[in-house]
Protein chains: 2
Amino acid sequence: MSARTAATLLFALPLFALAADPLPSWNQGPAKKSIIEFVETVTTPDSKGFVQPEARIAVFDNDGTLWSEQPGYFEELFAFDEIKRMAPQHPEWKDQQPFKAVLENDHKALAESGMEGLLKIFMTTHAGLTTDEFRDNVQRWLSSARHPTSGKPYTEMVYQPMLEVLAYLRSQGFKPYIVSGGDTGFMRVFAEEVYGIPPEHVIGSTFVTEYQVKDGKPSILRTAKIAHNDDGPGKPVSIDSVIGRRPILAFGNSDGDLQMLQWTAAGDGPRLMGLVHHTDAKREWAYDKDSKIGRLDKALDQAKQQDWTIVDMASQWRRIYPFETSANEQQQ
Amino acid sequence: MSARTAATLLFALPLFALAADPLPSWNQGPAKKSIIEFVETVTTPDSKGFVQPEARIAVFDNDGTLWSEQPGYFEELFAFDEIKRMAPQHPEWKDQQPFKAVLENDHKALAESGMEGLLKIFMTTHAGLTTDEFRDNVQRWLSSARHPTSGKPYTEMVYQPMLEVLAYLRSQGFKPYIVSGGDTGFMRVFAEEVYGIPPEHVIGSTFVTEYQVKDGKPSILRTAKIAHNDDGPGKPVSIDSVIGRRPILAFGNSDGDLQMLQWTAAGDGPRLMGLVHHTDAKREWAYDKDSKIGRLDKALDQAKQQDWTIVDMASQWRRIYPFETSANEQQQ
């Protein structure tokens with residue numbers, strides 16, 4: 001190859017990259033169109049809606065938006081598995097609720113223990129240990145646990161179309177953040193490897209932590225006190241506290257994301273507010289207004305009223321998970 | 001100029017940039033040497049101590065480390081000025097401490113009101129308003145207020161040598177963060193313009209905030225409850241909570257920075273722990289063990305024991321402020 005040919009190829013590459021479809025797992029439809037149009041508007045230097053790269057803040061809920069949340073929030077399933085792992089050191093749990101229910105897979109008794117029971121399970125598995133110990137526990141679980149219906153590792157239950165959105169946004173100078181109800185320390189264990197989102201861009205619920213020094217070695221203890229609940233109105237609050245800039249793009253899937261979407265929408269200039277609508281009982285799950293997990297009711301109404309981007313999973317997504325071999329083509 | 005000459009110049013530029021002194025306001029001395037040696041170690045790809053760019057987290061205290069903190073913390077002086085600005089709407093303050101003391105510049109009465117009085121002043125000026133309103137108040141003050149002894153805008157009372165360290169680190173792939181006792185929202189108003197540190201890299205003390213919607217317009221209210229005190233052990237706690245990575249470089253100037261320095265030092269691989277030691281009564285201020293503001297006692301002892309980088313301001317800094325026209329050359 002002559003030097004001249006090589007140079008021509010080199011210069012041709014960026015054009016080629018631009019021409020390639022950045023969202024191949026999305027069907028040609030209104031959702032894909034609105035995402036691409038938005039990104040082109042804010043990244044075109046002579047566009048009226050141009051946004052400087054440093055202000056291209058994009059926020060994503062995690063459960064139900066980047067990965068599945070059925071048959072239960074994955075972090076809850078982690079907590080149940082941790083109780084089972086810890087049980088040999090706690091023989092008293094055999095007769096104590098809510099632990100007994102978890103150990104016996106007694107869903108009825110567990111449901112009866114209510115929020116109080118669930119909180120007890122969370123405090124037992126998420127608090128009273130150092131941040132390093134907690135990270136190790138999450139890492140161990142992620143590497144061995146399997147999703148109850150698919151049999152896949154939890155980190156494979158992520159949405160291929162959303163991975164493509166994250167990569168596309170990054171390629172266009174955006175900084176994608178996770179802003180989600182899950183524990184920050186839990187999500188940080190896999191967010192970088194799975195989503196390409198580094199620890200400092202993961203915002204979630206937090207426990208009050210304490211700096212301690214033992215035998216000259218400092219560590220950070222997770223106490224049994226919740227510092228921040230990153231759900232609903234807690235989301236704009238954490239966005240303001242941690243990022244200090246208003247996002248120009250926000251993606252969620254439930255009423256817990258409504259305030260984050262409102263906060264994003266209320267800024268000046270072009271905005272994209274997106275909702276993943278779980279409508280695909282065959283390939284994933286179908287649920288909205290009446291679901292206990294990821295209830296989508298008020299946010300769906302507001303999205304319709306204000307013309308936000310509603311992603312009808314069944315029709316808009318060609319493929320759901322990266323491990324799927326067949327794809328669902330739809331004509332719009 | 002021929003195309004060939006232009007190309008040669010172009011290729012020569014990076015080498016030229018490398019050869020230039022990245023820290024011209026530092027005298028040739030042990031502090032400058034340790035900073036440059038550390039940066040070269042962690043950025044040289046074949047060095048044993050090489051650190052990937054994404055892990056090059058550097059944290060800096062603000063008051064007394066990046067800008068002066070005498071004759072009082074600048075944010076405290078802001079709070080006093082705000083009380084004066086708000087006084088016409090509060091005629092009752094004429095007879096109420098600690099407000100009366102502030103309005104009459106009565107330092108003795110103010111000191112007598114103690115921490116409780118100071119807290120009342122902070123709550124009055126920092127809480128009960130939206131984050132946007134607070135930002136506007138800080139902006140207005142910064143643009144008009146002058147430092148009581150130098151007569152300069154507060155944002156010019158920054159240390160030129162530290163601005164050079166920040167720029168040098170950034171040029172070498174580091175992400176410098178502020179981790180400081182000041183209010184996060186206060187520091188974000190000027191950190192980007194003055195230090196080149198964007199809002200999302202500013203970590204400080206915070207109030208509990210609340211999302212509220214009035215007439216369809218959402219805002220974030222700063223309530224009168226402290227959420228996080230970013231001082232002492234609060235610093236490693238916020239570093240872990242917000243960044244989620246351990247810094248490899250930390251710079252402070254007082255005992256309030258000790259835990260942040262310890263936390264940084266306790267990581268694996270090369271580390272730089274730095275302390276600005278205020279030893280220059282002529283050009284800035286001289287204070288350490290006995291100072292009420294920025295007391296440096298235990299941290300200085302530990303720095304000496306563990307061979308941290310102590311920056312003796314009088315001997316190591318050629319120039320203190322950007323506005324200085326003469327420079328203090330010292331032979332080491």
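**Note on a predicted two-chain model**

1. Tyr177(A) lies in strand β3 of chain A, where helices (H or I, at least four residues) and strands (E, at least two) are DSSP runs, numbered from the N terminus. The model is a predicted one, in which local features need pLDDT of at least 70 and side-chain atom pairs count only at pLDDT 80 or more, while totals for chains, interfaces and linings use all residues. Residues are numbered from 1 along each chain as its sequence is written, chains are lettered from A and ligands numbered from 1 in the order in which they are written, and side-chain values use heavy atoms, with hydrogens and water left out.

2. Tyr177(A) is buried, with a relative accessible area of 2%; buried means under 20% relative accessible area, exposed over 50%, and partly exposed in between (1.4 Å probe, protein chains only). Leaving aside residues up to four places away in sequence, Tyr177(A) touches Ile57(A), Ala58(A), Val59(A), Phe60(A), Glu200(A), His201(A), Ile203(A), Ile243(A) and Glu200(B), contact being defined as heavy atoms within 4.5 Å. Tyr177(A) and Ile243(A) are separated by 66 residues in sequence and by 9.2 Å in space, taken from C-alpha to C-alpha.

3. In strand β1 (residues 57-60) of chain A, Ile57(A) and Val59(A) point one way and Ala58(A) and Phe60(A) the other way, and all are buried. In a regular strand the side chains alternate between the two faces of the sheet. Strand β1(A) runs parallel to strand β3 (residues 175-183) of chain A and is joined to β3(A) by 4 bridges, two strands being paired if DSSP finds at least two bridges between them. The bridge partner of Ile57(A) in β3(A) is Lys175(A). Strand β1(A) also pairs in the parallel sense with strand β6 (residues 249-252) of chain A, over 3 bridges, and here Ala58(A) has Leu249(A) as its bridge partner.

4. Strand β7 (residues 272-277) of chain B pairs with β8(B) in the parallel sense over 4 bridges, and Gly274(B) stands opposite Thr309(B) in β8(B).

5. The axes of helix α3 (residues 74-86) and helix α5 (residues 107-126), both of chain A, come within 10 Å and cross at roughly 70°; axes are lines fitted to C-alpha atoms, for helices over the stretch in contact, and angles run from 0 to 180 degrees between N-to-C directions. Helices α3(A) and α5(A) are therefore roughly perpendicular to each other, a description for angles of 65 to 115 degrees, whereas those under 35 count as roughly parallel, those over 145 as roughly antiparallel and the rest as oblique.

6. Chain B can be laid on chain A with an RMSD of 0.0 Å by a turn of 180° and a shift of 0.0 Å along the axis, copies being superposed by least squares on the C-alpha atoms of residues with pLDDT of at least 70 in both. The two copies are thus related as by a two-fold rotation axis.
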